[in-house]
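Subject: Structure handover

Dear colleague,

I am passing on a structure for you to look at. My notes on part of it follow below.

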Amino acid sequence: MMEEPEFYVVRKPRASKSYRCCECHNEITKGEQYEYVFGRWGGSVGHYRTCLICAGIRDDQHFDEVAFGELAEAIREELGTTLDSLRDMRKAMITEVVNDG
C-alpha cells in the first residue's frame, strides 16, 4: 500500500532516451509515450516511469493505492494471475482496436 502523497505530478511525455518501466522492467524506447510521476511520499521525493501498458492496467484494475514497483505482486495476490498475462491481454485488445480502426 502506498502512503498518501504530500504532492505529486503526473505527465505523459515522450521518452527523450531509453528508460525502464518501474513495473514490468521492459524498455521504454526513445520516442515512446510513457507515464512519469514525480512526488513526495512519507518525506521522500521519488519519480517513476511506467510504460502505458502497465499504467493502463494499474488504472483499469484500480490499483492506484499500490506502491510503484509492486504492481506485479498486487496482481498475483488480488487477481491470481501475472502482470505479463494482463500485459499480453491489453496489447491484444489495443491491436484489435487499431486493426478494426
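Which residues of helix 1 (residues 52-60) are buried? They are Ile 53, Cys 54, Ala 55, Gly 56, Ile 57 and Arg 58. Please keep in mind that this is a predicted model.

The buried residues of helix 1 have several packing partners. Two of these are strands, namely strand 4 (34-41) and strand 5 (44-51). The others are helix 2 (71-79) and helix 3 (83-100).

Next comes the stretch that follows. Just after helix 1, His 62 has a positive phi of about 60°. The loop between helix 1 and helix 2 contains Asp 64, and Gly 69 is found in that loop as well.

Asp 64 has a relative accessible area of 48%. Asp 64 therefore counts as partly exposed, since that class lies between the 20% limit for buried and the 50% limit for exposed. Asp 64 also belongs to a negative surface patch, which it forms with Glu 4, Asp 59 and Glu 65.

Gly 69 is partly exposed too, because its relative accessible area is 41%. What does Gly 69 contact, leaving aside its neighbours within four places in sequence? The contacts are Cys 22, Glu 23 and Arg 58; Arg 58 is also one of the buried residues of helix 1. As for Gly 31, it lies 38 residues from Gly 69 in sequence, and the two are 23 Å apart in space, C-alpha to C-alpha.

Regards

Conventions
Residues numbered from 1 in each chain as written. Predicted model: local features only at pLDDT ≥ 70, side-chain atom pairs only at ≥ 80, totals over all residues. Heavy atoms only, no water. Buried < 20%, exposed > 50% of the residue type's maximum accessible area, 1.4 Å probe, protein only. Helix = DSSP H or I, 4+ residues; strand = E, 2+ residues; numbered from the N terminus. Contact = heavy atoms within 4.5 Å. Patch = residues over 30% accessible without salt bridge, like charges linked within 9 Å, V, L, I, M, F, W, Y side chains within 5 Å. Areas by Shrake-Rupley, 256 points an atom, 1.4 Å probe, with all protein chains shown as cover. Salt bridge = Lys/Arg side-chain N within 4 Å of Asp/Glu carboxyl O. Lys, Arg positive; Asp, Glu negative; His and termini not counted. Charge placed at Lys NZ, Arg CZ, Asp CG, Glu CD.
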